Amino acid sequence: MNMEIQKNVPLAEYTTLHIGGPAEYVTEVKDVPELRSAALWAKERGLPLTILGGGSNVFAADAGVRGLVARIAIAGREVVENGDEVLLTLGAGEVFDDAVLYAVSRGWWGLENLSCIPGSVGASPIQNIGAYGAEIQEVIAAVEAYDTERDETVTLLPAECAFGYRDSLFKHEAGKHYVITRVSYRLSKQPRPNLAYADVAAWDAERRARGSARGAPALADIRAAVCAIRAKKFPDWKRVGTAGSFFKNPVISPAHFERLRTRYPALVGYPTADGFVKVPLGWILDRILGLRGARAGVVGTYEGQALVLVNHGGARARELEIFADGIAQNVFDATSISIEREVTKFF
Ligand code: EPU
């Protein structure tokens with residue numbers, strides 16, 4: 001097999017947190033045959049295969065990662081238009097925000113609230129990425145994957161992807177044998193502004209108050225607004241080591257929420273479709289625990305958003321995890337909530 005494999009590659013260079021020891025082997029795959037070769041190469045040697053996308057939601061253990069890390073660089077863009085509907089299919093290695101920009105520039109609705117999120121197209125269904133009142137599952141038409149167990153390519157429909165809040169089949173044991181190769185988004189030429197999220201609603205209200213616009217906002221304006229909101233809240237991952245939200249917002253029972261409200265009357269909660277309450281962990285970290293901008297050596301929480309952990313330079317996984325575990329313990333002590341990480345750790 002004609003594969004280029006590098007040995008002992010520091011993974012810190014490949015993650016936006018800039019944290020992680022060396023991968024035993026690293027290769028880059030540009031199409032499905034190359035992915036297949038990589039998977040077979042690892043299988044023949046009894047080595048684990050780890051899939052790396054844009055590296056914006058992961059960090060690696062200090063001891064590094066055993067086996068083969070395959071970086072997905074599968075390119076490609078296909079468009080099928082059918083009346084008002086547009087099916088945009090992209091290679092998993094495409095930059096997600098380039099796809100958003102492309103859709104917005106063509107006047108196709110559906111991705112704009114997810115503007116300026118780092119990462120690759122292939123990661124979008126894994127995390128069921130979400131922001132500003134939208135989740136990618138709302139526009140996913142199909143996910144193509146290479147099945148490393150059966151050695152075949154499959155197409156999964158949304159109902160088969162088990163999407164949940166920052167969750168999908170691909171994050172669980174049952175879906176670990178799928179490597180996403182292409183994703184199809186179903187977009188619309190009909191305007192469908194989604195302005196419900198507080199920050200976006202505030203922008204729209206201000207826009208109207210200024211008298212600069214009477215009707216619904218333009219697609220490009222929504223993208224610009226979302227990017228501006230993000231820029232205020234999140235560090236620039238090109239300059240600061242970060243993976244965005246480090247933890248998920250916890251989902252708790254209504255009874256638990258009411259108990260917390262008696263202690264913290266300003267705590268807000270958002271009902272979920274299945275009768276639970278999602279609470280903003282950033283608020284708890286900031287307003288209850290005073291942890292916004294907290295720091296322990298070279299790791300800390302971002303001063304603009306406490307849910308975002310930051311590597312101020314040269315942090316090791318161990319330091320980050322001690323800090324993160326300390327936060328989790330503080331949250332538990334104050335609220336009896338067990339929080340979960342949103343980022344993935346590679347071993
Ligand atoms: N808040 C504070 N202090 C803080 C942080 C937040 O008071 O330090 C309050 C905010 O004022 C707001 C609430 O907490 O009332 C929620 O904050 P925000 O709107 O910033 O969103 P979030 O819940 O912290 C989630 C996603 C983000 C996504 C934003 C916007 C998760 C884990 N995170 O953050 O996604 O961009 O909403 O929709 O669900 C990511 O997944 O990496 C990510 C960045």
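Strands here are DSSP runs of E with at least two residues, helices are runs of H or I with at least four, and both are numbered from the N terminus; two strands pair if DSSP finds at least two bridges between them. Between β15 and β16 (residues 277–278), which run antiparallel, there are two bridges, and Pro271 sits opposite Val277 in β16.

A quick word on ground rules: residue numbers start from 1 along each chain as its sequence is written, and side-chain values use heavy atoms, leaving out hydrogens and water. Since the model is predicted, local features need pLDDT of at least 70 and side-chain atom pairs count only at pLDDT 80 or more, while totals for chains, interfaces and linings use all residues.

## The β6–β7 hairpin

Next up is a hairpin made by β6 and β7, with two residues between the strands. In its turn, Gly83 has a positive phi of about 60°. Strands β6 (residues 77–82) and β7 (residues 85–91) run antiparallel and are joined by six bridges; Val79 faces Leu88 across the pair, standing opposite it.

## Around the ligand

As for polar contacts (N or O pairs within 3.5 Å), side-chain N or O atoms of Arg166 and Asn249 each come 2.8 Å from a ligand oxygen. For Lys233, a polar side-chain atom lies 3.4 Å from a ligand oxygen. Taken alone, the ligand exposes 820 Å², and the protein buries 84% of that (Shrake-Rupley, 1.4 Å probe).

## The second largest pocket

This pocket holds about 270 Å³ of space, counted as the volume filled by probe spheres set on grid points joined across faces, edges and corners. A pocket is an open set of points on a 1 Å grid over the protein atoms alone, where a 1.4 Å probe fits, with protein on both sides within 12 Å along at least five of seven lines; lining residues have an atom within 4 Å of a point.

Its lining has 13 residues, with Glu4, Thr27, Glu28, Lys30 and Glu34 nearest the centre. Both β2 (22–29) and α1 (32–44) give two or more residues to the lining, and β2 has the largest share, four.

Methods:
Polar contact = N/O pair within 3.5 Å; in protein donor to acceptor, adjacent residues only side chain to side chain.
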